[in-house]
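Subject: Structure handover

Hi,

Here is the structure I promised you. Please open it alongside this email, and my notes follow below.

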Amino acid sequence: MSKKGFIAGLVCLSIFTSGCGRVDYQAQPLDTIKAKPKSEEKVSVLYKPLTRKESMGYLARNWQKKGVQPVQVAIENHTAQPMRFTQGGISLPTYDLDTIKQHAHVNTHVKALGIGAPSLTMVTLGIVGLAFAPATFGLTGILLPIGVGGLGLKTASNMMKTDKKLDEDYELKYLHDGMIPPHCIVEGIIFVPRREFQGKFTMKFTDSSNEESIVVDPKRLGR
């Protein structure tokens, strides 16, 4: 490759990486929907399928486009006993958190690798040129690949930090298996295949005091 061609390629990559330099995960805190139960129920469940706009706002991803329907769920335990819950007790198939996180930042990993690898190569070439052939490449031909490569590495690093922020936020918002304390409300999001979601499902809970199973028909918010 000629020296001019090499520099032109670097300039193109500079434009590309500068456009990707601002990378961050931005998502709103999840608004509560809270259960509005009937007093005779032991456990009540309220749910709300997130719209595409809400999915982008709360989760920074258009999950519907990926064939996934996020559903916000609020569970209230009205008894004096802890209630055990697992997503296996939902009558719909659901995605586990690790699968969701992998789908959420698969594109970020690809982009980070695509930017990081050539950027590292440019930094290396610049350093080699500075050490062994400064007169051949000239100051611009040496500092340009180092500068552009450094910017690319920073962009790739920011992308990986974005993934970490996404993981932490999804960990907080996901509806995890566990115990629901007495007289408490637990909220979170479940992710179901969009084609499987028809708006009706059941959830099963287990009374920890006697292992009694309780099946609940969740109520949709606003209905």
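Which residue takes a positive phi in the hairpin of β6 and β7? It is Glu-211, with a phi near 60 degrees. Five residues lie between the two strands of that hairpin. Please keep in mind that this is a predicted model.

**Around β6**

β6 covers residues 203-207, and four of its five residues are buried. It runs antiparallel to β7 (residues 213-216), and four bridges join the two. Within this pairing, Phe-205 faces Ile-214 of β7.

β6 also pairs with β3 (residues 83-90). That pairing is antiparallel too, with four bridges. Here Arg-84 sits opposite Thr-206 of β6.

**Phe-85**

Phe-85 belongs to strand β3. Its relative accessibility is 2%, so it counts as buried. Leaving out residues up to four places away in sequence, Phe-85 touches Ile-90, Leu-175, His-176, Asp-177, Gly-178, Ile-180, Met-203, Lys-204 and Phe-205. One of these, Ile-180, is 95 residues away in sequence. In space, the C-alpha atoms of Phe-85 and Ile-180 are 7.3 Å apart.

**The four-stranded sheet**

Next is an open sheet of four strands, in the order β5-β2-β1-β8. The pairing is mixed. β5 (185-193) and β8 (219-220) are the edge strands; each has a single partner, so one side of each has no neighbour in the sheet. β5 pairs with β2 (residues 68-77) in the antiparallel sense, over nine bridges. In that pairing, Val-73 has Gly-188 of β5 as its bridge partner.

**Phe-197**

Is Phe-197 buried or exposed? It counts as buried, because its relative accessibility is 14% and the cut-off for buried is under 20%. Setting aside neighbours within four places in sequence, Phe-197 is in contact with Tyr-47, Pro-49, Gln-69, Val-71, Leu-92 and Val-192. Gln-69 lies 128 residues from Phe-197 along the chain, yet their C-alpha atoms are separated by 7.3 Å.

**Helix α2 and what follows**

Helix α2 spans residues 52-59. Its buried residues are Glu-54, Ser-55, Gly-57, Tyr-58 and Leu-59. Just after the helix comes Ala-60, with a positive phi of about 55 degrees. Ala-60 is in the loop between α2 and β2. It counts as buried, because its relative accessibility is 14%.

**Positive phi values**

Why list these residues? Most residues other than glycine have a negative phi. Ala-60 is not a glycine, but its phi is positive. His-183 is a residue other than glycine with a positive phi, near 55 degrees. Its place is the loop between β4 (178-180) and β5. What does the accessibility of His-183 make it, buried or exposed? At 56% relative accessibility, His-183 counts as exposed, since the cut-off for exposed is over 50%. Ala-60, by contrast, is buried at 14%.

**Where to look**

Move on to Phe-85 in β3. Finish at His-183, in the loop between β4 and β5.

Best wishes

Notes. Residues are numbered from 1 along each chain as its sequence is written. This is a predicted model: local features need pLDDT of at least 70, side-chain atom pairs count only at pLDDT 80 or more; totals for chains, interfaces and linings use all residues. Side-chain values use heavy atoms; hydrogens and water are left out. Two strands pair if DSSP finds at least two bridges between them. Buried means under 20% relative accessible area, exposed over 50%, partly exposed in between (1.4 Å probe, protein chains only). Contact means heavy atoms within 4.5 Å.
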